[in-house]
Amino acid sequence: MADIKKLIKTHLSKDGQVLNLKAKYIREVGAKELAQCEELSTLRALDLSQNDIGDEGVKAVAASPIFSNLRTLNLKSNRVTDVGAEFLANSTTLPNLKSIQLVVNDLTEEGERALMNSTHLISLTSLKFQV
């Protein structure tokens with residue numbers, strides 16, 4: 001598994017607002033570590049596509065107050081199921097999230113509906129489930 005601190009140092013934008021970790025294979029453990037990194041509190045865009053973080057990794061992101069400033073979240077190709085969609089839909093720490101990408105995951109209409117009907121993701125304007 002990749003060293004999260006090193007990945008942040010090399011992939012975080014200079015202004016601290018964008019972190020692109022596409023295909024860095026951080027898995028669930030890495031997502032949990034990210035969710036505890038205080039230096040990411042100004043993050044507005046997070047790309048975790050192709051990292052195999054699964055539902056528990058999504059849970060860590062969705063529950064972390066560190067990500068309260070996030071505007072865009074890319075979770076493409078991460079083995080996310082309806083359980084992970086529920087974690088996102090019920091998140092009280094992502095009020096500024098405007099866009100979520102969940103293509104190439106294991107969601108059913110139930111998970112999609114949970115996100116579309118979320119009363120917590122009040123700023124959400126873009127949800128992408130299919131390519």
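Helices (H or I, at least four residues) and strands (E, at least two) are DSSP runs, numbered from the N terminus. The model described here is predicted: local features need pLDDT of at least 70, side-chain atom pairs count only at pLDDT 80 or more, and totals for chains, interfaces and linings use all residues. Residues are numbered from 1 along each chain as its sequence is written, and side-chain values use heavy atoms, with hydrogens and water left out.

**Two residues with positive phi**

A23 lies in the loop between strand 1 (18–20) and helix 2. A23 is not a glycine, yet its phi is positive, at about 55 degrees. Most residues other than glycine have a negative phi, and most peptide bonds are trans. A23 has a relative accessible area of 24%, so A23 is partly exposed.

D52 is another residue other than glycine with a positive phi, near 60 degrees. D52 is found in the loop between strand 2 and helix 3. With a relative accessible area of 23%, D52 is partly exposed.

**Salt bridges**

Side chains of opposite charge can pair when their charged atoms come close. A salt bridge is a side-chain nitrogen of Lys or Arg within 4 Å of a carboxyl oxygen of Asp or Glu. By this rule the count comes to four salt bridges. The table includes three of them.

| Side chains | N to O distance |
|---|---|
| K5 and E39 | 3.2 Å |
| R27 and D52 | 2.8 Å |
| D52 and R79 | 2.1 Å |

The side chains of K5 and E39 meet in a salt bridge. This pair links distant parts of the chain, with K5 in helix 1 and E39 in the loop between helix 2 and strand 2 (45–47), 34 residues apart. K5 is partly exposed, with a relative accessible area of 48%. E39 also counts as partly exposed, at 38% relative accessibility.

A salt bridge also joins the side chains of R27 and D52. R27 is in helix 2 and D52 is in the loop between strand 2 and helix 3, so the pair links distant parts of the chain, 25 residues apart. R27 counts as partly exposed because its relative accessibility is 42%.

D52 meets R79 in a salt bridge as well. R79 is in the loop between strand 3 (72–74) and helix 4, 27 residues apart from D52. Salt bridges that share partners join R27, D52 and R79 into one network.

**Helix pairs**

Two packed helices are described by the angle between their axes and the distance between the axes. Axes are lines fitted to C-alpha atoms, for helices over the stretch in contact, and angles run from 0 to 180 degrees between N-to-C directions.

The axes of helix 2 (residues 27–34) and helix 3 (residues 54–63) come within 8 Å and cross at roughly 5 degrees. That makes helix 2 roughly parallel to helix 3 (angles under 35 degrees count as roughly parallel, over 145 as roughly antiparallel, 65 to 115 as roughly perpendicular and the rest as oblique). Contact means heavy atoms within 4.5 Å. E28, A31 and K32 of helix 2 make the contact with E56, G57 and A60 of helix 3. These residues divide into two nonpolar, one polar and three charged.

For helix 4 and helix 5, the axes come within 8 Å and cross at roughly 5 degrees. Helix 4 is therefore roughly parallel to helix 5. On helix 4 the contact is made by D82, A85, E86, L88 and A89, and on helix 5 by E110, G111, A114 and L115. The residues of this contact divide into five nonpolar, one polar and three charged.

**The nonpolar core**

A nonpolar core is a set of buried Ala, Val, Leu, Ile, Met, Phe, Trp, Tyr and Cys residues joined through side-chain atoms within 4.5 Å. The largest one has 37 residues, and those with the most contacts inside it are L34, L40, L48, F67, L88, L102 and L115. Helix 1 (4–11), helix 2, helix 3, helix 4 (82–89) and helix 5 (109–116) each supply at least two residues of this core. Helix 3 gives the largest share, four residues.

Not counting residues up to four places away in sequence, L115 touches A85, L88, A89, I100, L102, L121, L124, L127 and F129.

Definitions and conventions: Ala, Val, Leu, Ile, Met, Phe, Trp, Tyr, Cys and Pro count as nonpolar, Asp, Glu, Lys and Arg as charged, and the others, Gly among them, as polar. Buried means under 20% relative accessible area, exposed over 50%, partly exposed in between (1.4 Å probe, protein chains only).
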